[in-house]
Amino acid sequence: MNRDDMLLSPAGVDALRTALTLARFTANGIADRLGPQATGGVARNDHRAALRATEDRDRLATLIRVFICDQTEPEPVVAEALAPLTVDEALAGGIVERHGDGLRAGVDLEPYGDDWWVLADVPASARPGRPLHAEHVLGVGGATQTLIGAAVRRTVDTALDLGTGSGVQALHLGSHARHVTATDVSERAMRFAATTAALNGQDWELLRGDMVSPVAGRRFDLVVSNPPFVVGPGTTTHVYRDSGRVGDAIGAELAAAAPHLLTEGGTMQYLANWVHVTGEDWAERVTGWFAGTGLDAWVIQREVADPMAYVNLWLTDVGERADPARMEAWLDWFDAHKVEAIGFGIVSLRRAGHDQPIVRVEDLRQRVEPPLGDRIGEWFDRQDWLRARDVDGLLAARYRAADGLQLRQEATMGDDGWAVDRQVLAMPRGLRWSEEIDPLVLALVGGADGRLPLRDQLALLAAAHDVAPDELAEAAGPIVAHLVERGLVEPVTD
């Protein structure tokens with residue numbers, strides 16, 4: 001990497017890393033210095049306690065005040081904190097900027113993880129009234145963290161980050177992929193990502209271009225993307241948010257590209273928004289994205305917003321909330337296309353090489369046990385197990401109830417005592433699914449202790465409930481498959 005590729009020269013990056021390391025400007029170092037009260041305040045954008053704890057202005061204190069609390073500090077003090085990086089190079093690279101009688105942060109320099117740093121643009125909330133650059137580069141935001149948590153973290157040879165921005169996703173890929181490629185349409189983002197990579201001692205292949213175009217004809221074991229997924233009329237004002245595609249077309253476009261990007265067994269995961277159109281099933285709409293791809297797909301909807309809240313959110317995000325004409329045009333577009341809501345979620349695709357791919361599109365709004373990526377990987381593993389067995393194979397297998405599985409009952413008091421109205425199986429761990437069941441399924445799950453094959457279990461249940469064994473077996477196959485898919489019961493493999 002040369003000077004034109006990054007915000008700083010290679011020597012400047014080395015000097016900045018040295019300064020940050022010497023000061024112990026890391027997440028743990030800052031937490032130790034500030035203490036729990038001030039650290040909690042910083043998380044809420046309340047910097048009062050942090051400023052009191054850093055009044056002595058040693059190296060770490062100065063860096064906290066400048067890059068965490070967004071304070072302007074005297075140049076000699078900042079120079080001492082950044083040394084051996086010179087103020088001149090820090091100014092030239094935009095790391096700091098002159099403001100009033102001193103220097104303040106020119107970038108969002110965020111300690112991240114145990115010993116990483118991420119470089120991005122200063123967020124709009126920190127500089128009210130200052131319009132964001134059209135190629136504004138985001139730091140570690142909510143959507144970024146969602147994808148970080150959802151990515152399947154298994155060792156792979158090749159990984160691709162589409163629309164890398166500041167490089168956060170690529171940084172994580174570098175911890176479990178032997179070779180990382182990252183793309184972005186923005187030259188500005190490329191410079192930030194290159195600097196983030198170098199600052200953290202990672203080496204990525206960085207390619208500029210719109211979405212998949214820079215890697216046409218290539219395949220990867222894992223692809224992740226936090227694309228510009230915001231739904232609207234296709235107007236582009238900020239590249240991190242606006243794809244230039246109309247509506248939710250970027251999600252469909254990535255789905256169509258996935259078969260050409262993945263190696264056999266490869267996985268692609270991306271964030272997406274989709275429209276809920278009056279009179280249409282949103283799940284059917286999204287399911288259509290994967291027709292003809294030949295890929296297994298699991299789409300989980302995590303949030304839903306009404307159009308007004310959605311427009312307010314994204315206008316505020318770039319400091320455009322005071323523009324009534326922009327809001328009106330956006331809402332008019334939603335009205336014209338009968339959009340009643342916008343969904344947000346995670347698309348996970350896998351090239352499994354089967355003639356009949358599995359596609360699931362569903363709500364998953366409950367709080368799940370992190371990391372979600374482990375849960376997604378386990379879901380695909382369960383699909384592999386199920387697909388390898390026909391009905392006879394399911395009946396021959398042994399099952400046990402998942403650890404911690406709970407039964408929740410609702411009952412009404414009557415003349416003859418309590419009458420059970422509803423029974424629900426619930427998992428307090430993992431994806432925390434819950435399923436309403438009937439007494440026969442309850443008996444089936446209750447007897448799943450891993451000792452008897454399902455066929456023998458069903459024979460006992462059939463005798464107890466005066467049901468023909470063949471009829472019960474025919475009905476039980478899909479039910480057990482669903483319970484396995486949900487993780488409520490587990491096949492015994494020993």
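# Close-up views of a predicted model

**View 1. Asp466 is exposed, at 74% relative accessibility.** Exposed means over 50% relative accessible area, buried means under 20%, and partly exposed lies in between (1.4 Å probe, protein chains only). This is a predicted model, in which local features need pLDDT of at least 70, side-chain atom pairs count only at pLDDT 80 or more, and totals for chains, interfaces and linings use all residues. Residues are numbered from 1 along each chain as its sequence is written, and side-chain values use heavy atoms, with hydrogens and water left out. Asp466 sits in the loop between α17 (454-465) and α18. Helices (H or I, at least four residues) and strands (E, at least two) are DSSP runs, numbered from the N terminus. Asp466 is not a glycine, yet its phi is positive, about 55°. Most residues other than glycine have a negative phi.

**View 2. Asp70 is another residue with a positive phi, near 55°.** Asp70 is not a glycine either. Its loop runs between α4 and α5. Asp70 counts as partly exposed, because its relative accessibility is 25%.

**View 3. The whole protein gives the setting for the close-ups.** The protein has 18 helices and 18 strands. Its C-alpha atoms fill a box of roughly 90 × 50 × 45 Å, taken along the principal axes. Of the 494 residues, 50% are buried. Contact means heavy atoms within 4.5 Å. Among contacts with a separation of 6 or more, 67% join residues 24 or more positions apart.

**View 4. Helix α16 packs on helix α18.** Two packed helices are described by the angle between their axes and the distance between the axes. Axes are lines fitted to C-alpha atoms, for helices over the stretch in contact, and angles run from 0 to 180 degrees between N-to-C directions. For α16 (residues 439-446) and α18 (residues 469-486), the angle is about 70° and the axes are 12 Å apart. The two helices are therefore roughly perpendicular. Angles of 65 to 115 degrees count as roughly perpendicular, under 35 as roughly parallel, over 145 as roughly antiparallel, and the rest as oblique. The crossing is right-handed. A crossing is right-handed if the near helix is turned clockwise from the far one by less than a right angle, and left-handed if anticlockwise. From α16, Leu440, Val441, Leu444 and Val445 make the contact; from α18, Leu472, Ile479, Val480 and Leu483 do. By class, this contact has 8 nonpolar, no polar and no charged residues. Ala, Val, Leu, Ile, Met, Phe, Trp, Tyr, Cys and Pro count as nonpolar, Asp, Glu, Lys and Arg as charged, and the others, Gly among them, as polar.

**View 5. Helix α2 meets helix α4 at an angle of about 40°.** α2 spans residues 27-43 and α4 spans residues 59-68, with their axes 11 Å apart. The pair is therefore oblique. This crossing is right-handed. Gly29, Ile30, Arg33, Leu34 and Val42 of α2 meet Leu60, Ala61, Ile64 and Ile68 of α4. The contact divides into 7 nonpolar residues, 1 polar and 1 charged.

**View 6. Asn273 is buried in strand β9.** Strand β9 covers residues 262-277. The relative accessible area of Asn273 is 2%. Its side chain makes a polar contact with the side chain of Tyr310, at 2.5 Å. A polar contact is a pair of N or O atoms within 3.5 Å; within protein, one must be able to donate a hydrogen and the other to accept it, and residues adjacent in sequence count only if both atoms are side-chain atoms. A polar atom of the Asn273 side chain also lies 3.5 Å from the backbone oxygen of Gly343. Not counting residues up to four places away in sequence, Asn273 touches residues including Phe229, Asp248, Trp289 and Phe344.

**View 7. Helix α7 is covered by helices and strands.** In α7 (residues 142-150), the buried residues are Thr144, Leu147, Ile148 and Ala150. Their cover includes the strands β3 (108-112), β8 (220-225), β9 and β11 (339-350). It also includes the helices α8 (168-173) and α14 (372-387).

View 8. Most peptide bonds are trans. Pro84 lies in the loop between α5 (75-82) and α6 (87-92). Pro371 lies in the loop between β12 (359-363) and α14.
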